[in-house]
Amino acid sequence: LSFSPQSFSFSEDNKQPKTMSIQRTKSIFKVLLFFAIALCIVFLTAPSVRTPECRLEGSMMLVPLFDDDTGLLMLAGLGDTAIDCFEVSTSEPFLTQVSHCMTDASTRGIAMVPKLALEVISCEVTRVLQLTDSCIVPISYQVPRKNSGHEFHDDLYPDTVGTTPAMSAEEWWQGGNKQVEKVSLHPGKRPKPAAKQPPGKKELPSGGSKEDQPRGSSTSSSPLSTPSSSAAPSHSPSSTSGLSSGFLPSPSQSGKTIQNLMGTTSKFRHIQGAVMHRDKHITNIRNLNLTTPGECDGFCVNRQRVAVPLAISGGQIAVFERSGPGRQPDTALPTIQNSVNVADFSWDPFDTHRLAVAGDDAKIRVWQVPKGGLKETLTEPKLVLQGHTEKIYSIKFHPLASGVLVSSSYDLTVRLWNLESGEQVKVLTGHQDQVFGIAWSPNGKLLATVCKDGKVRVYDPRNSTAPVQEGPGPEGHRGARVVWVCDGKYLLVSGFDNRSERGLYLFSADSLSSGPIANAALNVAPSTLIPFYDPDTSVVILTGKGDTRVYIYEVVPEDPYFIECSSFNSPEPHKGLAFLPKTECNVRDVEIAVGLMLTKTTIEPVAFTVPRVKKDFFQDDVYPDTDVWWEPALTASAWLSGSNGQHKKLSLKPKDMTPVSEAPKEAPVRKYLPSSVYLEEKTDEQKKEELLSAMVAKLGNMDDPLPQESYEGVDDEEWDD
């Protein structure tokens, strides 16, 4: 406290202190002292306010990434090998450490993946990308939940900021303060991306419109969203308001109402994948090659055997017989020695003993596996095809003609081979960069390719070496695959967009130049999705090498084109998934596909089944007559001369099963008694009689002898005196 000296001024006249001034000064001093004491008390009794503090080890600068939706704060030091995750709260404790992740390499940069790219069904709440000296490593943060992989958990995913700008730059300069509209992360409520619609688009005959033939009444339980997902909430027909009232709409109106509420669903939406019993596994596979090129499927199978590449010098391939599952010996196995690294290999669909192998030396070697499998190492191929000038990408056998093979190479050409004569017959040109994938049309007339130059091409190889059609393909340059779907009238391409996000693209085979008519974004992952298409069910099964998840879609020739079904998750990353002929499916268990999954040391069969109630009947709506594609329709020379053919058809119905379409109609069983039973009025005497009857029944008959009366007593002579 400071005092002014003027308060103690003296009079000029009598040199005496002014009494009034001194008294006033004392009063002011007392007041100021009182306020000082009160201020000290306030400071001493007030709760302490501290700044939240958390100390982390390390001397590098920390890069913070904050997720406003979840309150998660990611901290990574440049040059460090640790990434810390904290939960930020507005109350104590302000910072709670969630995880401390140690990475294999030092961090050079870190970024957070947008929320719309997360796998919300797998309870992934955030994902960061770590930049190292040589690669980009995704780090995922997931919340463990009981129904993870099957249900959307609303409490984990509040509405997040969308991707549509709230205003233009000019509006902001003028003082606008609009906020970006928030969107839901629910797979069924995400906005549908706009798809290009070519003029005059043709559709396959479906026997009716979408409204007249709804595919189901419940939404898919699968994890990811697709352009086919509806923004309307999902309800079952029994719980839909209005349908159970006395004023029912007409059948056509009812169908439209349900269709609008549910969106298009698939009868395969609840498909289930399961690994078969261990006694069918091939285990203890040693020296497996896990670094096959991206254009290779990783391994190949047929009805009798499996070919697997080995990480042994000389490009060796092991062949396992499916008839002999179990643990393989620890000793060396007989193999096929190609003398060069293997780029791709494929079984002849019409000869389970013939294996074609493409090598780094631009040659294709055709091997003949003896009956009963490999007993000794093979070193001399039956045929060697030469013509490419650089390393080969991939090879594919013709689907109808025996002895016709196609190959693509780094020399930017696609070549056709006649195995009957061992000669090259066609050289297809027009590619400006690496050919990612090739695929024959179902009728064997056309050949489709997808290229790194961003083009999808269709060739008529018997009539022209140049493409007959060409259109824009996926924008990403990391890899792609192509397959013909919907009776060969559409092309399905799996690839990457310009943000390295995996996706599916559907093209009309008659108008490639118009671009994709539909697309579906999946997730961010490094491996290319390898598609398997079942023409009987129009179901496509996709997975990548190193993935744990298998995506399943039904492809339809009308909007929404992609109908997502439940996915299958393997317990550990697999190195490949190849499928067997339809005759390997157990129709009694409603298996629609059976594949073999390659892991680090095992080959495990996986069955994909459709849940059905009446499994005692043959599900003829799931099993139409299938193509006998393992038998050739014509020879190589006949096809090259211009002949066409088609496969025979085969019914999968066992003789002792009745088609479900012919199953007897069961009368509906009433679950509850009619209301007249409950509304019937009874007299008091009737109620008393019923009560007495119930009590007597509970106590039993009073005339019955007691249990102890049947016991035998002790003889008098046996008593001791």
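This is a predicted model: local features need pLDDT of at least 70, side-chain atom pairs count only at pLDDT 80 or more; totals for chains, interfaces and linings use all residues.
Strands of a sheet pair through backbone hydrogen bonds, in either a parallel or an antiparallel arrangement.

E19 and E20 belong to an open sheet of 4 strands, in which the order is E17-E18-E19-E20 and the pairing is antiparallel. Strand E17 (342-348) and strand E20 (383-386) stand at the edges; each has a single partner strand, and therefore one side of each is left without a neighbour in the sheet. From one strand to the next, the twist averages 20 degrees.

Arg-365 also takes part in a salt bridge, with Asp-361 as its partner and a separation of 2.7 Å between the closest N and O atoms. Arg-365 has a relative accessible area of 10% and is buried, because the cut-off for this class is under 20%. Asp-361, with a relative accessible area of 27%, is partly exposed.

In total, the structure holds 25 salt bridges. One of them links Arg-286 and Asp-330, whose closest N and O atoms are 3.0 Å apart. Arg-286 lies in the loop between strand E11 (282-283) and strand E12 (300-301), and Asp-330 in the loop between strand E15 (326-327) and strand E16 (335-337), so the pair ties together parts that are 44 residues apart in sequence. Arg-286 counts as partly exposed, at 43% relative accessibility, and Asp-330 is likewise partly exposed, at 47%.

A further salt bridge is formed by the side chains of Arg-457 and Asp-453, at an N to O distance of 2.8 Å. Arg-457 is buried, with a relative accessibility of 2%, whereas Asp-453 is partly exposed, with a relative accessible area of 23%.

Another antiparallel pairing connects E34 with strand E35 (residues 539-543), over 5 bridges. The two strands form a hairpin with 4 residues between them, and Ser-538 in the turn has a positive phi of about 60 degrees. Pro-531 has Leu-542 in E35 as its bridge partner. Of the 5 residues of strand E34 (residues 530-534), 4 are buried, so this strand is largely enclosed by the rest of the structure.

Key
Residues are numbered from 1 along each chain as its sequence is written. Side-chain values use heavy atoms; hydrogens and water are left out. Buried means under 20% relative accessible area, exposed over 50%, partly exposed in between (1.4 Å probe, protein chains only). Two strands pair if DSSP finds at least two bridges between them. Axes are lines fitted to C-alpha atoms, for helices over the stretch in contact, and angles run from 0 to 180 degrees between N-to-C directions. A salt bridge is a side-chain nitrogen of Lys or Arg within 4 Å of a carboxyl oxygen of Asp or Glu.
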